[in-house]
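Trainee: I would like to go through this protein with you. Could we take it one feature at a time?

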Amino acid sequence: MSPRLLTSILVLGSFPLLAQTPGPASAGVAHTSDIGFSYSIPADWEVVDTKPTLPAVQAEVAKTAKSEDEKKGIACVQVALTARHGDPASVVVVVALPYDCYGTTMTEKDLPGFGSGAAEGIKNTFNISNAVQGAYTVGTHNMWVERADGVLKDSPGVNYTVETVCSVLKKGAVCWMAMAADKAGLQTFENGAVALDGDAPAALVPATAFQKKP
């Protein structure tokens, strides 16, 4: 599946939430996925149930699929978490692609291309500038990250920091994305504790993520 289509699911699924005022806060707990990871957000973020709307988003994204394999991948995507906070709202979305559904396994060598493609897809919805990329490890896993300034094409009144993080696990590929309306929203996203394939929890994006290696 094209990583751009994966990002389209991220963006289309969260786009309506950017214009809404968050409701009551939900418990701040670790949200888990059966492909082998968990990710935590604070208690004052509202977790949104996207199951009722996901089929419509998948159908919309599938219209641009170029092959049956891509359509299959779109159908296999799971939204592990959607959450928002603040007004204007910052939004965090986490999507996973299980290998047992998709039928293809990704490896570490696929990560740079997968991450770059995922970030590229954001340009369908945002005007992007000042993009920077980084690579780091969380536990035993390599991580790919891109941070950029973003302005919604259909609603240019709010400036966002758009950050995409991707990794490949034993049972699937996963991407986290933040559309942060303020510094606090970005910090919450980056400092969220993530545990991958049984590794000890650590911050999703460390402070050193964008430092160039010597």
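Predicted model: local features only at pLDDT ≥ 70, side-chain atom pairs only at ≥ 80, totals over all residues.

Mentor: Residues are numbered from 1 along each chain as its sequence is written, and side-chain values use heavy atoms, with hydrogens and water left out.

Trainee: How many disulfides does the structure hold?

Mentor: A disulfide is a pair of cysteine sulfur atoms within 2.5 Å. Cys-76 and Cys-101 form one, with sulfur atoms 2.0 Å apart. Cys-166 and Cys-175 form another, at 2.1 Å. The count is two.

Trainee: Which helices does the link of Cys-76 and Cys-101 tie together?

Mentor: Helices (H or I, at least four residues) and strands (E, at least two) are DSSP runs, numbered from the N terminus. The two cysteines bond to each other. Cys-76 lies in residues 68–76 and Cys-101 in residues 99–102, so the link joins parts 25 residues apart in sequence: helices H3 and H4.

Trainee: Is Cys-101 buried, partly exposed or exposed?

Mentor: Buried means under 20% relative accessible area, exposed over 50%, and partly exposed in between (1.4 Å probe, protein chains only). Cys-101 has 35%, so the class is partly exposed.

Trainee: What is the handedness of the link of Cys-166 and Cys-175?

Mentor: Both Cys-166 and Cys-175 are buried. The link of Cys-76 and Cys-101 has -80 degrees about the S-S bond and is left-handed. For Cys-166 and Cys-175 the angle is 105 degrees, and the link is right-handed.

Trainee: Which residue in E10 stands opposite Ser-38?

Mentor: Two strands pair if DSSP finds at least two bridges between them. E2 (residues 37–40) and E10 (residues 193–196) pair antiparallel over three bridges. Opposite Ser-38 stands Ala-195.

Trainee: Which residue in the turn between E10 and E11 has a positive phi?

Mentor: E10 and E11 (residues 202–203) run antiparallel, joined by two bridges. They form a hairpin with five residues between them. Phi is about 50 degrees at Asp-197.

Trainee: Which strand gives the most to the lining of the second largest pocket?

Mentor: A pocket is an open set of points on a 1 Å grid over the protein atoms alone, with protein on both sides within 12 Å along at least five of seven lines; lining residues have an atom within 4 Å of a point. Among the lining residues here are Val-79, Ala-80, Leu-81 and Thr-82. With four residues, the top contributor is strand E4.

Methods:
1 Å grid on protein atoms, 1.4 Å probe; cavity = no way out; pocket = protein on both sides within 12 Å on 5 of 7 lines; lining within 4 Å.
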